[in-house]
Amino acid sequence: MASASLLLSACSSGDGPAAGEGAASSPPAGATSAPASASPSADLPPAKGSVEVERTLTDGLASPWGLAALPGGDLLVGSRDEATITRIDGKSGRKTLLGSVPGVAPAGEGGLLGLAVPPTFGADHLIYVYFTTESDNRIARLQYDEAKPAGQQLGAPDTILRGIPKGTVHNGGRIAFGPDRMLYAGTGETGDTGLAQDKASPSGKILRMTPDGEPVHGNPEADSPVYSYGHRNVQGLAWDGSKRLWASEFGQDTWDELNLIEPGKNYGWPDVEGRKGKPGYVDPVAQWKTSEASPSGIAYAEGSIWMAGLRGERLWRIPLSGKADGEPLAAPQSFLDGKYGRLRTVLAAGGDKLWLVTSNTDGRGTEKSGDDRILLLKVR
């Protein structure tokens, strides 16, 4: 695998036309999980890709963070600081306020964070949320009734997992349903670095649980939702075409990471940051200087992982080779450098389309007219 310096020096500041919002692809209903291994395929992505912004779906969003797709193509977007969920018509961009999530206590990097729609949504109409309260981070589900008036369409939260430590920083927050129909959550170590190596703590982990919040049979430890550990602040989760789990992670001062996740493995923090080749720890598949990335959401589309950058203000493309060790097909390539400011969430929209959410109204970006927005991208 190329060295870190080679990976960085070879990264292209790809200059495609302005792009739209990217969404992470939804796994097929009824799919089962697969081990973190794959074989090279003849149908590989090109070494160099492209990004075209097809249109702005909607704008004027306040501190958007979580994004999830509904059956039929509409989107749900959550406001971190206002603790609201809004439905966005996938064609017209029209907004409908569902309501507020009670109990959210926005502060620092905490608030209403990840959103997820289960594969059973057509039957149960549930929306899953990850949010910060006055005492902890927790995961809950709410009933959605679109027949009720706008602003009153959310039921009371049913908490399925509580007690995830909270902090001013590093609250994690990304949730997603995997190909195995289980719920995964990325957490942060809240600035208390030792929690990442403490398997008894849910902080600094990737968690895997049933839709009811219970540990899943086949987890590394039968009575624990901990799936992998040694993470600083997991912000993105996505599965590739071989059902392998990928995660993006904030580094501290040196290296941001893209990791290929295997159950029970130790991803190093705080003992290791970036690629060190140290026995007992899993090195990232790709890494970036923190000024180039500060990664948030990721999605899989067209044979590549697409990673949104906050401080880096760009969208990264990592073409996958299909090799079991996750080695990329070519060096990561960047697009939209600085054109839309901070980029928060990317979601697969089917085929060669992505949804991409900007993040300039959360107090850390430079807000421009129209921020924040959701863009529709065509990618290759």
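The following dialogue discusses selected features of a predicted model.

Tutor: In this predicted model, local features need pLDDT of at least 70 and side-chain atom pairs count only at pLDDT 80 or more, while totals for chains, interfaces and linings use all residues. Residues are numbered from 1 along each chain as its sequence is written, and side-chain values use heavy atoms, with hydrogens and water left out.

Student: How many residues of strand S20 are buried?

Tutor: Strands (E, at least two residues) are DSSP runs numbered from the N terminus, and S20 covers residues 304–309. Buried means under 20% relative accessible area, exposed over 50% and partly exposed in between, with a 1.4 Å probe and protein chains only. Ser-304, Trp-306 and Ala-308 point one way, Ile-305, Met-307 and Gly-309 point the other way, and all are buried. The number of buried residues in S20 is therefore 6 of 6.

Student: Why do the residues of a strand point in two directions?

Tutor: In a regular strand, side chains take alternate faces of the sheet.

Student: Which residue in S21 is the bridge partner of Trp-306?

Tutor: S20 also pairs in the antiparallel sense with strand S21 (residues 315–319), over 5 bridges. This hairpin has 5 residues between its strands, with Glu-313 in the turn at a positive phi of about 50°. The partner of Trp-306 in S21 is Arg-317.

Student: Is Gln-333 buried or exposed?

Tutor: Gln-333 is found in strand S22 (residues 333–335). The side chain of Gln-333 reaches the backbone nitrogen of Gly-49 at 2.8 Å. Because its relative accessibility is 5%, Gln-333 counts as buried.

Student: What is the volume of the largest cavity?

Tutor: On a 1 Å grid over the protein atoms alone, a cavity is a set of points where a 1.4 Å probe fits but cannot get out, and lining residues have an atom within 4 Å of a point. Grid points are joined across faces, edges and corners, and a volume is the space filled by probe spheres set on the points. The lining of the largest cavity includes Gly-230, Phe-250, Trp-255 and Glu-273. The volume of this cavity is about 50 Å³.

Student: What is the volume of the second largest pocket?

Tutor: A pocket is an open set of points with protein on both sides within 12 Å along at least five of seven lines. The second largest pocket is lined by 22 residues, of which Glu-109, Asn-233, Phe-250, Leu-310 and Arg-364 lie nearest its centre. The volume of this pocket is about 340 Å³.

Methods: Helix = DSSP H or I, 4+ residues; strand = E, 2+ residues; numbered from the N terminus. Polar contact = N/O pair within 3.5 Å; in protein donor to acceptor, adjacent residues only side chain to side chain. Pairing = 2+ DSSP bridges.
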